[in-house]
Amino acid sequence: MVGTATLRRLSQQGLLVANGGQDLCPDTSNAGSECGGIEFSREDVEALLGEKIKAKNKFNYKERCENMLEYIKRLRLCLRWFQEVESSYMNENERLTISLEMAEGRLAEIEFSSRNKEEELSSIVAELRENLSSVQEKLTKEEEDKKAAIDSLVKEREGRLSSEKSQASLSEELSKAQLELSSTYERISSINDMYKRLQEYNSSLQQYNCKLQSDLNTTSESLQSLEKEKATLVEKFSHLRGQHSSLQEQFSTIKASHEDASKQKELLANEVQCLRGDLQQVREERDKNREQVEALTTEVAKFKEYTGRSIAELDNLTLKSKDLEARCLNQCEQIRTLQDKLTIAETRVEEYSTSSVETQALCKEQRKLITDLQARLTVAESKVMEGEKLRKKLHNTILELKGNIRVFCRVRPLLPGENSSEEKSISYPTAMEFLGRGLELVQNGQKHSFTFDKVFMPEASQDDVFVEISQLVQSALDGYKVCVFAYGQTGSGKTYTMMGKPGIPEEKGLIPRCLEQIFQTKQSHQSQGWKYEMQVSMLEIYNEMIRDLLPSNRPNGAENGSAAKQYVIKHDPNGNTHVSDLTMVDVCSKREVSYLLKHASHSRSVGKTQMNEESSRSHFVFTMRISGVSESTGQQIHGVLNLIDLAGSERLSKSGSTGDRLKETQSINKSLSSLCDVIFALAKKEEYVPYRNSKLTYLLQPCLGGDSKTMMFVNISPDSSSSGESLCSLRFAARVNACEIGVPRRNMSTRSFESRLSYG
């Protein structure tokens, strides 16, 4: 419980609020001082929330109302104190975020400049390295060329030396050959002379032979004459025997002289043959010497040509070597300049490295500062989140105490066919008081402001929407009646909000997500001893007729209502609603409910109008009845979850409906106008509320005027051409948000011990 001093201060502030009706805290910069020095701790807030209102007389409703008003005033005071604390936290958060953004901007600038410097340095170093590598490659190539040129020069020098040596040896050989040639010429001349002499001697010998032959002839003739004389002498031998001895002596002398002459003839013939052989050898040697002289002359000519070529090549090589030496000198100078540049760049790199070290130190300091700011920001955000949770809890408590219907507004994105270049007709205030809750609509130059429990912008996802109602869905498992219905003009996104797009997990609607949460919670509560039974029913109200969407085989005449069943809506004294002959299906898993939903969506009445390709032509009502029992405590709960997708309101001038579509439009507008009449009657707290004017309002009677937790989604279009219908929807939603329908009641009971034993 809250202390007496705190209660006194709360009562004083409550009286001030009741008397003055002005804001207690005009300045949110100092929450403690401006609110009369009142501060609340968490224990005080929890005690205030858990305080039970006691009255001396239970039937003294005036005293109970006064106590309730005083309690509400204290809650409002607590809320305003909390808003001031929240605003101070938000200011501190904004200041921290601004300082964090400034520090991050400085850090980003420093990092950007350091990155630019590093990139410049890296580019300079890379260019220098590339230049150095290219120069080194050129130098290596030039050195290789120089080495190749030196090697070729050395080889040419060696070839020149070898050619000179060969030339010297050839000159020596030539001189020797010339000497030999001269000697051979001399020998040839001597041989010629000798040949001439031999010819002369031969001619003399021939002459001598001729003489000898003439002598031989003369001797033969003399011999013949002598033989004749011999014959005559033989004949006269007898007569001349005396002279015979003298003749024999003469004959022996002639014979001896003849033998000597034949011997001399043979000797001369042998000498002539020897001279002929020597002459032949001399001729052969002369031919060989001539051939050697010709070969030597050709070699001398070739050597002269080779020496001329080698001299020209040597001159070319000397020129090339001179050019290479000049190029090497130029490259050495370039290398020196590049080395100087490299040293300068290295010094600059060292300077930049020192500066980068300094910048890194600054970056570390800035990062430390940023981490500190982020830590403070997270602490502030956590405090803000806790405060936001506490604010929501207090706000929900006040709404439950007041019995108001919660209203969420959702603005759908612009469609591809709609004009996005026009001036936006919907804006969102940025003030802390209306952030995420306010909406401004401009029509015909006039601005209309609205405030709801939550406003979802076009960028909000299906998950963002479901997070806000997840606690409300949890209440159905806790034994409350929960009703969520979507209202708005046709084409504003009601069916997308409730059902989503089939086949895309990220765009599932509220109904599939609610089912997932319910079955997940059921699974987790089984370990705590809870057992649940669930029943599902689905119906639509088409042309003021109820249709059951769960039967698989619908009658052929169901379209026109001739063969359809007559379903009757009944309310029992406990506030429960039943529809006669409506199919109730027991479900145990999400898959079963998904199958039923798919079947119902195919069976639902859908038509095409000028405003929407697939317009829902009926009100769709999904109901899940949840019964749970705890085996450990015997506690029983009975919860109901109603998820309703209303048909869209439309104007005949825009929809262009005719025939059946015209009847559907008239029926839809009639039921929605009946809903407006019910809301207006509840807002004015009239004694008679016309629930029976429409089957839709009669079906929603426990949700609108009973003990149910009710939430309404008002869907609007951002298109400027639909601003009139959007304004009507927002005004209706504001009326709904102001309605007080009563405090929600939890349906809970406890079983006896015998029934607990017999359960299951």
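Predicted model: local features only at pLDDT ≥ 70, side-chain atom pairs only at ≥ 80, totals over all residues.
## Helix α8 and its partner α6

Let's turn to the helices. Two packed helices are described by the angle between their axes and the distance between the axes. For α6 (residues 462-477) and α8, the angle is about 50 degrees and the axes are 9 Å apart. The two helices are therefore oblique to each other, and their crossing is right-handed.

On the α6 side, the contact is built from Gln462, Asp463, Val465, Phe466, Ile469, Ser470, Val473, Gln474 and Leu477. From α8 come Leu510, Arg513, Cys514, Gln517, Ile518, Thr521 and His525. Sorted by class, that gives eight nonpolar, six polar and two charged residues.

## Helix α8 and its partner α9

Helix α8 (residues 510-526) also meets helix α9 (residues 590-603): their axes come within 10 Å and cross at roughly 160 degrees. An angle over 145 degrees counts as roughly antiparallel, so that is the label for α8 and α9. Their crossing is right-handed.

Here α8 contributes Ile511, Leu515, Glu516 and Phe519, while α9 brings Lys590, Val593 and Leu597. The tally for this contact is five nonpolar, no polar and two charged residues.

## Val640 in strand β15

Val640 belongs to strand β15 (residues 635-645) and is buried, with a relative accessible area of 11%. Leaving out residues up to four places away in sequence, Val640 touches Ala476, Tyr480, Lys481, Val482, Thr623, Met624 and Arg625.

There's a link back to α6 as well. Val473, one of the α6 residues in the contact with α8, is 167 residues from Val640 in sequence, yet the C-alpha atoms of the pair are 9.8 Å apart in space. Ala476, one of the residues that Val640 touches, falls inside the α6 range of 462-477.

## Glu440 in strand β3

Glu440 is a charged residue by class, and its place is in strand β3 (residues 438-443). Is Glu440 buried or exposed? Buried: the relative accessible area is 19%, and the cut-off for that label is under 20%.

As for neighbours, again setting aside residues up to four places away in sequence, Glu440 touches Ser425, Ile426, Ser427 and Pro429, along with Lys447, His448 and Ser449.

## The annotated coiled-coil stretches

The unreviewed UniProt entry also carries a "coiled-coil region" feature, placed at residues 118-156, 191-299 and 335-383. For one of these, residues 118-156, the model shows a span that is 100% helix and 0% strand. The end C-alpha atoms of that span lie 54 Å apart.

Methods. Residues numbered from 1 in each chain as written. Heavy atoms only, no water. Axes fitted to C-alpha atoms, helices over the stretch in contact; angles between N-to-C directions. Helix = DSSP H or I, 4+ residues; strand = E, 2+ residues; numbered from the N terminus. Parallel < 35°, antiparallel > 145°, perpendicular 65-115°, else oblique. Left-handed = near helix turned anticlockwise from the far one by under 90°. Contact = heavy atoms within 4.5 Å. UniProt positions renumbered as here; feature names shortened; annotations may be inferred. Buried < 20%, exposed > 50% of the residue type's maximum accessible area, 1.4 Å probe, protein only.
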